[in-house]
Amino acid sequence: MTTLDDSEPVFDKDGVRLTVEDAVATVTLTNPAKRNAQSPALWRALTEAGRSLPGSVRVVVLRGEGKSFSAGLDRQAFTPEGFDGEPSFLDMARGSDEDLDAVIAEYQEAFTWWRRGDLVSIAAVQGHAIGAGFQLALACDLRVVAEDVQFAMRETSLGLVPDLTGTHPLVSLVGYARALEICATGRFVHADEAERIGLANLAVPSDQLDAAVRDLTAALLAAPRDAVNETKALLQGVSDRSYKEQRVAERAAQGRRLRDLAGLGD
């Protein structure tokens, strides 16, 4: 079976490979031996992937090689030596509040570009998606999961909090009470529950994951790009607008689309 990233890589480093084929980019986590555990170097590579996308890309697929999407943060981060060439998390904790905030903000950049207004991102998730892995899946617009998926937010169990942008989408998807229960207990959320509570758009048998993502990608590309982007912007802004304000935003967006279709746009 063909995979989702058979084309020539744009880059391949630090556990991240980016490939682009026409309007579809695929970002692959490439360290299956460590269940795609995450590190600062991997986060910088993910940030670079977002900055390297050509303007022709409309859909970005995020996937992990091997049996797990991502088992979360590499535990080496918590050792005194940390990663080669990187400050250990213990050293970071000894720094000033300003320095610590700046470092975490840099790490978060790897998780923020997936919801850009000019593209739609899909996480193809199998096996473990734990902690930082769960938050990376949540960073995407859509999630298609295999029947063996295991989501878990383990940060609270380790005495930490989820800080890689996952709390906002989690609450948006499942509501405050469910999000609190998932985070505070650190329990696993499996495929059937993930689909039922809105974490997953679709759950499929493991051997059908790539095919399901290809079908969804094709469906997203079938609609005109500007209409998809305008609709995405409308939906993303709902939580910040009143019902009346949303009606105004709908009218403005539709006006732009009608003018463009009539050849009267700017």
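Q: How much space lies in the largest pocket?

A: Rolling a probe the size of a water molecule over the atoms shows where empty space is left. In this predicted model, the largest pocket holds about 720 Å³ of space.

Q: Which residues lie nearest the centre of the largest pocket?

A: L73, F78, F89, E155 and L160 lie nearest the centre, out of 27 residues that line the largest pocket.

Q: Which elements each supply at least two residues of that lining of the largest pocket, and from which element does the largest share come?

A: At least two lining residues are supplied by each of α2 (89-93), α3 (97-112) and α4 (132-139). The largest share is that of α2, with four residues.

Q: How does the lining of the largest pocket divide by class?

A: There are 18 nonpolar residues in the lining of the largest pocket, together with six charged and three polar ones.

Q: What is the volume of the second largest pocket, and which residues lie nearest its centre?

A: The volume of the second largest pocket is about 580 Å³. Its lining consists of 19 residues, and R115, D141, K232, L235 and Q236 are those nearest the centre. Two or more lining residues come from each of β7 (142-146), α5 (167-174) and α9 (225-236). Of these elements, α9 gives the largest share of the lining of the second largest pocket, five residues.

Q: How do the residues of the lining of the second largest pocket divide into nonpolar, polar and charged?

A: Seven are nonpolar, seven are polar and five are charged in the lining of the second largest pocket.

Methods
Residues are numbered from 1 along each chain as its sequence is written. This is a predicted model: local features need pLDDT of at least 70, side-chain atom pairs count only at pLDDT 80 or more; totals for chains, interfaces and linings use all residues. Side-chain values use heavy atoms; hydrogens and water are left out. On a 1 Å grid over the protein atoms alone, a cavity is a set of points where a 1.4 Å probe fits but cannot get out, and a pocket is an open set with protein on both sides within 12 Å along at least five of seven lines; lining residues have an atom within 4 Å of a point. Grid points are joined across faces, edges and corners, and a volume is the space filled by probe spheres set on the points. Ala, Val, Leu, Ile, Met, Phe, Trp, Tyr, Cys and Pro count as nonpolar, Asp, Glu, Lys and Arg as charged, and the others, Gly among them, as polar.
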